[in-house]
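Okay, thanks for making time, everyone.

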Amino acid sequence: MPLPNLLLHVCCAPCSPHIVVTLLKTHKLTLYFYNPNIHPREEYDQRLSEISSWAKYMEIPLVADDYEIKKWFAAIKGLESEPERGKRCAVCFDVRLQATAKTARRLGISKFGTVLSVSPYKESALINCIGKDAGEKEGVIFYEADWKKKDGYKITTKMAQQAGFYRQHYCGCVFSQRQ
Ligand code: SF4
């Protein structure tokens, strides 16, 4: 039986290895990089370059979408002063997961997921709720997960250190960079 396809949204290399290696046991993966939240452009390019090299090494296809930062700023308008883990982050997840669901449908992949819930700073229940809604809109299934469970964050961090990945010191947007 061939493994089912899954489009996995990735935000950066250091968050991804544990999740990718786990999902590869049960799915045929395609990685999807859509993170218009990342600021500045140089940082975006660095994160994309790191995950692209690793995907190539792992022989997993990666689809990188456009850097739509204006669209992202329009989506979070009015929420600029929100703290990390506040309302701006919910919109930020929504922008990225809507795009992932749309791309999964376009590519004919019936399931999609994200590595975002591995972060101890991100609420998994909220991510799952937003992912499910995005999937329903596009007619694709969201793979619900809480990747930080069972030491998921520790494991992925260790794997990233061993691989020598570049690791950023802020979540991604200009507001998290300032904080
Ligand atoms: S802190 Fe992170 S999740 Fe929240 S809006 Fe900024 S980039 Fe997005």
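Two strands pair if DSSP finds at least two bridges between them. What you're looking at is a predicted model, so local features need pLDDT of at least 70, side-chain atom pairs count only at pLDDT 80 or more, and totals for chains, interfaces and linings use all residues. Residues are numbered from 1 along each chain as its sequence is written.

Five strands make an open sheet, ordered β3-β2-β1-β4-β5, with parallel pairing. The edges are β3 (62–64) and β5 (141–142); each has a single partner strand, so one side of each is left without a neighbour in the sheet.

Let's go through some pairs. β1 and β4 run parallel and are joined by three bridges, and Leu8 has Gly113 in β4 as its bridge partner. On to β4 and β5: that's two bridges, again in the parallel sense, with Lys111 partnered by Ile141 in β5. And strand β2 (residues 28–33) is joined to β3 by three bridges, where Phe33 has Ala64 as its partner.

Now, which strands does helix α4 lie across? Helix α4, residues 87–107, lies across β1 (5–9), β2, β3 and β4 (111–114), and runs at about 150° to β1. For angles, axes are lines fitted to C-alpha atoms, for helices over the stretch in contact, and angles run from 0 to 180 degrees between N-to-C directions. Contact means that C-beta atoms, placed from the backbone, lie within 7 Å.

α4 also meets helix α5 (residues 124–138): their axes come within 9 Å and cross at roughly 35°. Among the residues meeting there are Phe93, Leu97 and Arg105 in α4, and Ile127, Ile130 and Glu138 in α5.

Last stop, the ligand. What sits around it? The residues are Asn37, Glu84, Arg88, Cys89, Cys92, Cys171, Gly172, Cys173, Phe175 and Ser176, counting a residue if its C-beta atom, placed from the backbone, lies within 6 Å. α4 and α7 (174–178) are the elements giving two or more residues to that shell, and α4 gives the most, with three.

That's the tour. Over to you.

Conventions
Helices (H or I, at least four residues) and strands (E, at least two) are DSSP runs, numbered from the N terminus. Two residues are in contact if their C-beta atoms, placed from the backbone, lie within 7 Å.
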